[in-house]
Structures are given as C-alpha cells and as structure tokens.
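Good morning, colleagues. Please turn to the sequence and the structure on the screen, and I shall then take you through a few of the features.

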Amino acid sequence: MSQTETTIVATEDRTLPAVVYGLYLLGLVNGLTILVGLVIAHMNHDRAGPRMRTHYAFLIRTFWIGLAIFVALAILIGVSAVLSLVLIGIPFLLLFLFLWGAVAVWFAVRCVVGLVYLSQGEAYPRPNTWLI
C-alpha cells in the first residue's frame, strides 16, 4: 500500500457509520430511525473508503435481513393470533413472539459488534454474513 493510500485509509470518516449504528439501535425502540439510518448508509456506501464501505454494506444487509425475518414473523404471528381463538395457535403465538424478541437481540448484537470494529478503526471482517 502506498503512502497516499495509507493516509486516505487512516483518515476515513467514522462518524457517519457510527451515527447509522446509533440510529439502528435507537430504532429498536421507535422503528423510524432505522429507516433514516438506512438512507444514510445507502447514500454514503459508494463514496466511503474501503474500511467504511464494509460497515455500510454490513448495515444495509442487517436492515434487509432483519426486515425479511420481521415480516415473516409478523405474518406467522398474525396467523397464530387467529388460530389462538380456537386455542390451537397459542403455543405457536408464544413461539413466534419469542422469535421476534430473539431477532431484535440479533439485530442489536450485530450493531454493537459493528460499533466495536468501527471504534477500533477496522473494516468489518464479514459484511455479507447472516450471523455476526
């Protein structure tokens, strides 16, 4: 790596990815800030340096995976709620509500782990992973 590339990588702005991580974590309470964070991540993904690009890719992927799982669980919770009227859906309703909480924990852990890598100035090592 040349001296110029080293200087550029060393001076990458870590503020906006940190803001997006914070908006995602805050969004677990209100939901709306996750969308704001997603817009910021999409707007800055192509303009970011190589290290921060991995964080933006990780954040974007976290949103879409989380959204897909939440929508699937919402449908299953709705079906289970209807079936719980005849008592057969109650165990499934409880299971899917538990999974809803587990996905929220997964989302939060991904954000915290990303913040740890970001605070150390490192690229996210596996931005395309489904887990952490």
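I will discuss a helix pair, a surface patch and one backbone angle. Please keep in mind that this is a predicted model.

I begin with the helix packing. Helix α2, residues 15-30, packs against α5 with the two axes 10 Å apart and an angle of about 160° between them. Because angles over 145 degrees count as roughly antiparallel, α2 is described as roughly antiparallel to α5. The crossing of α2 past α5 is left-handed.

Within helix α5 we find Trp-106. Is this tryptophan, Trp-106, buried or exposed? Trp-106 has a relative accessible area of 14%, and it counts as buried because the cut-off is under 20%. Between Trp-106 and Gly-27 there are 79 residues of sequence separation, and their C-alpha atoms lie 14 Å apart in space.

I turn now to the surface. A nonpolar patch there has about 980 Å² of accessible area in total, and its members include Trp-64, Leu-67, Val-71 and Ile-75. Also among them are Val-86 and Ile-88. Leu-67 belongs to helix α4, residues 50-83. With a relative accessibility of 34%, Leu-67 is classed as partly exposed.

My last point concerns Leu-87, in the loop between α4 and α5, the latter spanning 90-119. Most residues other than glycine have a negative phi. Leu-87, although not a glycine, has a positive phi of about 75°. The residue is also exposed: the relative accessible area of Leu-87 is 63%.

Thank you for your attention.

Notes. Residues are numbered from 1 along each chain as its sequence is written. This is a predicted model: local features need pLDDT of at least 70, side-chain atom pairs count only at pLDDT 80 or more; totals for chains, interfaces and linings use all residues. Side-chain values use heavy atoms; hydrogens and water are left out. Patches are made of residues with over 30% relative accessible area and no salt bridge: like charges are joined within 9 Å, nonpolar side chains (Val, Leu, Ile, Met, Phe, Trp, Tyr) within 5 Å. Accessible areas come from the Shrake-Rupley method with a 1.4 Å probe; for residues, only the protein chains shown count as cover. A salt bridge is a side-chain nitrogen of Lys or Arg within 4 Å of a carboxyl oxygen of Asp or Glu. Helices (H or I, at least four residues) and strands (E, at least two) are DSSP runs, numbered from the N terminus. Buried means under 20% relative accessible area, exposed over 50%, partly exposed in between (1.4 Å probe, protein chains only). Axes are lines fitted to C-alpha atoms, for helices over the stretch in contact, and angles run from 0 to 180 degrees between N-to-C directions. Angles under 35 degrees count as roughly parallel, over 145 as roughly antiparallel, 65 to 115 as roughly perpendicular and the rest as oblique. A crossing is left-handed if the near helix is turned anticlockwise from the far one by less than a right angle, and right-handed if clockwise.
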